[in-house]
Amino acid sequence: MSDVKNQVFQDISKTGKDRKWRERKLKNIELAGQLDILGYRSFERVYQCAEVLKFVEQSDGTKKLYQSYFCKNKLCALCNWRRSMKYSYQASKIVEEAMIRQPKGRFLFLTLTVKNVIGQELNQAMTDILIGFNRLMKYKKIDKNMIGFLRATEVTYSKKLDSYHPHLHVLLMVKPGYFRSKDDYLNQEEWTELWKKAMKLDYTPMVDIRAVKADKGKGLKGAILETAKYPVKPFDVIDEKTDFTAQEKLQIVDDMLTGLHRKRQIGFGKLFKEIKKQFDFDDLEDGNLVQTGDETESRATGREIVAIWNWERKNYYIKS
Ligand SMILES: [Zn+2]
């Protein structure tokens, strides 16, 4: 006999995967506790994130979220999961459209780095990197071949060095002529030199540039779409493979929040930016986190399912 009142909520995707609301909520609660200790007033909002979830059941049995409250904290596991779904959706739609409009365009994947910085320097480093990146994109030799780009800023923490590694992942769509002549093509050393110049560095930074190549099963388009989706890490900043003490975790949370404060981690440029505007895509970082993709595709049965977080039992239960 099942006790309807105590039914544990489950959300299984179309492909049979558990969508892990509970695990994410537990991480969110840990963050809220850390914010409270650190004296951030936002801790209450973070506790309230996704406490009540309202879904509409779809005809295939899956659940579609239609109402909830999200705290939008930069380190919230729930919000960042929603952001990365939204990012994947928008990035693929934009890149697909760009490929229709400029079928001869070629794709490059660029990684730009600077030296590690300590916590107190992170916010300034993030500002500098974005200024440097904008300068780089305006260099004549780069600009003349550029069709569109999308950039994602990522920050990782190194326990060994006790410092932060801010870097940029960029998907570039360039004119086919880029590969044809020496006047257009830039090799790895040239990209490195230009990045060094744009950042006004007194050392040689690590820069990686590669052409996006067709991948076996998915072909070129598949590989490009995969690459576009790759930089979702900005939304997954704390490496869970490394063990941290409670004190270390507090320090990282504090440094990351200060470092990421008012920083836009995702940006679209040129044709990609135009398409984003034409598609009327909502803001990725501060926008709505309930709807993350194309909401018109699925059909609903109309049945509503409400899941509520139970603070004592630390799980979501279905409201009967
Ligand atoms: Zn949240």
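**Exercise 1.** Which residues does leucine 53 touch, not counting residues up to four places away in sequence?

*Solution.* Keep in mind that this is a predicted model. Start at leucine 53 and look for its contacts: Phe9, Trp21, Leu65, Gln67, Ser68, Ile305, Val306, Ala307 and Tyr316. Next, step back to the largest nonpolar core, which has 38 residues. Leu53 is listed with Trp21 and Phe70 as having the most contacts inside this core. Finally, find the elements that give two or more residues to the core; among them are helix 1 (21-38), strand 1 (52-58) and strand 8 (300-310). A second, separate core has 28 residues, including Phe133 and Leu168.

**Exercise 2.** Classify two ring pairs, taken from a count of 17 aromatic pairs.

*Solution.* Take phenylalanine 179 and tyrosine 185: their ring centres are 6.0 Å apart and their planes stand at 40 degrees, so the pair is tilted. Now take tryptophan 309 and tryptophan 311: with centres 6.4 Å apart and planes at 85 degrees, this pair is edge-to-face.

**Exercise 3.** Decide whether tryptophan 309 is buried or exposed, and do likewise for tryptophan 311.

*Solution.* Buried means under 20% relative accessible area. Tryptophan 309 has 4% relative accessibility, so it counts as buried. Tryptophan 311 has 34%, so it counts as partly exposed. Both tryptophans belong to a cluster linked by ring pairs, which also includes Phe9, Trp21 and Tyr316.

**Exercise 4.** Find the ring over which the charged end of arginine 82 sits.

*Solution.* Go to tryptophan 81: the charged end of arginine 82 is 5.0 Å from its ring centre. For a further example, visit tyrosine 317, where arginine 313 lies over the face at 5.1 Å from the ring centre.

Terms used
Residues are numbered from 1 along each chain as its sequence is written. This is a predicted model: local features need pLDDT of at least 70, side-chain atom pairs count only at pLDDT 80 or more; totals for chains, interfaces and linings use all residues. Side-chain values use heavy atoms; hydrogens and water are left out. A nonpolar core is a set of buried Ala, Val, Leu, Ile, Met, Phe, Trp, Tyr and Cys residues joined through side-chain atoms within 4.5 Å. Buried means under 20% relative accessible area, exposed over 50%, partly exposed in between (1.4 Å probe, protein chains only). Helices (H or I, at least four residues) and strands (E, at least two) are DSSP runs, numbered from the N terminus. Contact means heavy atoms within 4.5 Å. Rings of Phe, Tyr and Trp (its six-membered ring) pair if their centres lie within 6.5 Å; planes under 30 degrees apart count as stacked, over 60 as edge-to-face and the rest as tilted. A charge sits over a ring if NZ of Lys or CZ of Arg is within 6 Å of the ring centre and within 35 degrees of the ring normal.
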